[in-house]
Amino acid sequence: MIDIKRNSKKEPIKATGIRVKSSSCYSPNQKEDFKISRGKFYNFLSCQRCFYLDRVKGLEAPGTPGWSLNETTDILLKKEFDFCRAKQIPHRIFIENKLTNLVPFDHPDIDAWRDSLHRGLKIKYKNSNIILTGGIDDVWQDKNTKKLIIVDYKSQAKLGRLDKTDYLKDPYHEAYKVQMDFYAYLLSKMNFDIDKISFFLVCNARRDASSFNKKMEFDEFLIPYTWNTNWIEKKIDEMISLINNDQIPEANPSCKNCAYADQYAKSIYKELDNEIIELQGSLFNY
């Protein structure tokens, strides 16, 4: 898509392609603390070149539209779980899935943990200057074991019933597992006792309804996932080593952003080369 830069009044303004906030850019071997979110960490795992150009060189990639319907589902779910949190009673989905030993975790920082843009879960990584952050959707608690259960909401619209067995085998859902592993790592480092089983609460909008009639109906599914954090520190160490290097890394051969940028540059430079050749030809003819 083509992304037009606009100001707070939604008026088009000049796009520079460079980030304005200096705090968004990391200088190799800087001493000041620097935040890296779960999303940026996943960018590192996906394409090291794009990650480096973003975090170190300060390039501002074109944006994508917000997922307003998904966000609305999240907001309404949080209202439901907050009601149960205040009363410390099981949510209806716990009852439906015979998990009446669970309640939404009541903690004074739950709203901060869910604020991915400004706060979120937060730890300082080892003895580095890197602050790792991530905004969760919710945390539940097992009343029997007192362990915490990490939860992430997912909204989608697919025909038919969701196959719980194959849901996390989808390559496009690989990021979901990374996301949950990362949250488990953060909460564990915050000294919380985390249950090995986490859940994806998947809300699937039904497409087989006879009409819209000003409402959408959803089926809800709880997908269990056994998180794994054994791999995370190795990758974080690699990420820190990368941003402390002056060398721009190689692109992921499957990265469409890099492929587009490469072809874009070739097309532009080809036109410029042709203009130079034509200009030189006209000069030499005189």
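This is a predicted model: local features need pLDDT of at least 70, side-chain atom pairs count only at pLDDT 80 or more; totals for chains, interfaces and linings use all residues.
A residue counts as buried when its relative accessible area is under 20%, as exposed when that area is over 50%, and as partly exposed in between. Tryptophan 231 has a relative accessibility of 23% and therefore counts as partly exposed.

The protein chain contains eight helices and eight strands. Its C-alpha trace spans about 90 × 55 × 40 Å along the principal axes. The chain has 286 residues, of which 36% count as buried. Among contacts between residues at least 6 apart in sequence, 69% join residues at least 24 apart.

The interior may be approached through its nonpolar side chains. In soluble globular proteins, nonpolar side chains tend to be buried together. In this model the largest nonpolar core has 44 residues, and Leu132 and Ile236 are those with the most contacts inside it. Helix α6 gives the most to this core, with eight residues. Apart from this core lies another, of 14 residues, which includes Ile93, Phe94, Leu99 and Leu102.

What does leucine 132 contact, once its neighbours within four places in sequence are left aside? Its partners are Ile36, Leu121, Lys122, Ile123, Tyr125, Phe182, Tyr185, Leu186, Ile236 and Met239.

Several of these names lead to a pair of helices. Two packed helices are described by the angle between their axes and the distance between the axes. Helix α6, residues 174–189, packs against helix α7, residues 232–243, at an angle of about 95°, and their axes are 11 Å apart. Angles of 65 to 115 degrees count as roughly perpendicular, and α6 and α7 are therefore roughly perpendicular to each other. On the side of α6 the contact is made by Asp181, Phe182, Tyr185 and Lys189, and on the side of α7 by Ile232, Glu233 and Ile236. These residues divide into four nonpolar, no polar and three charged.

The loop between β8 and α7 holds threonine 229. This threonine has a relative accessible area of 19% and is therefore buried. Beyond its neighbours within four places in sequence, threonine 229 is in contact with Asp181, Ala184 and Tyr185.

Aromatic rings give another view of the structure. The whole structure contains 17 aromatic pairs. One of them joins phenylalanine 41 and tryptophan 231: their ring centres are 6.0 Å apart and their planes lie at 20°, so the pair is stacked. Phenylalanine 41 belongs to helix α1 (residues 38–46) and tryptophan 231 to the loop between β8 (218–226) and α7, so the pair ties together parts that are 190 residues apart in sequence. Phenylalanine 41 has 0% relative accessibility and so counts as buried, whereas tryptophan 231, at 23%, counts as partly exposed. Both residues belong to one aromatic cluster, formed by Phe41, Phe44, Phe51, Phe182 and Trp231.

A further pair consists of phenylalanine 200 and tyrosine 225, with ring centres 6.1 Å apart and planes at 45°, so this pair is tilted. Phenylalanine 200 lies in strand β7 (residues 197–205) and tyrosine 225 in strand β8, so the pair ties together parts that are 25 residues apart in sequence. Phenylalanine 200 and tyrosine 225 are both buried.

Other loops also deserve attention. Leucine 59 lies in the loop between α2 (48–55) and α3 (68–87), and its relative accessibility of 37% means that leucine 59 counts as partly exposed. Leucine 59 and glycine 17 are 42 residues apart in sequence, yet their C-alpha atoms are 5.7 Å apart in space. When residues up to four places away in sequence are not counted, leucine 59 touches Gly17, Ile18, Arg19, Leu53 and Asp54.

Finally, the backbone may be considered at two loop residues. Glutamine 88, in the loop between α3 and α4 (92–96), has a positive phi of about 55° although it is not a glycine. Asparagine 191, in the loop between α6 and β7, has a positive phi of about 70° and is likewise not a glycine. Are these two residues buried, partly exposed or exposed? Glutamine 88 has a relative accessibility of 33% and therefore counts as partly exposed, while asparagine 191 has a relative accessible area of 71% and is therefore exposed.

Conventions. Residues are numbered from 1 along each chain as its sequence is written. Side-chain values use heavy atoms; hydrogens and water are left out. Axes are lines fitted to C-alpha atoms, for helices over the stretch in contact, and angles run from 0 to 180 degrees between N-to-C directions. Helices (H or I, at least four residues) and strands (E, at least two) are DSSP runs, numbered from the N terminus. Angles under 35 degrees count as roughly parallel, over 145 as roughly antiparallel, 65 to 115 as roughly perpendicular and the rest as oblique. Contact means heavy atoms within 4.5 Å. Ala, Val, Leu, Ile, Met, Phe, Trp, Tyr, Cys and Pro count as nonpolar, Asp, Glu, Lys and Arg as charged, and the others, Gly among them, as polar. A nonpolar core is a set of buried Ala, Val, Leu, Ile, Met, Phe, Trp, Tyr and Cys residues joined through side-chain atoms within 4.5 Å. Buried means under 20% relative accessible area, exposed over 50%, partly exposed in between (1.4 Å probe, protein chains only). Rings of Phe, Tyr and Trp (its six-membered ring) pair if their centres lie within 6.5 Å; planes under 30 degrees apart count as stacked, over 60 as edge-to-face and the rest as tilted.
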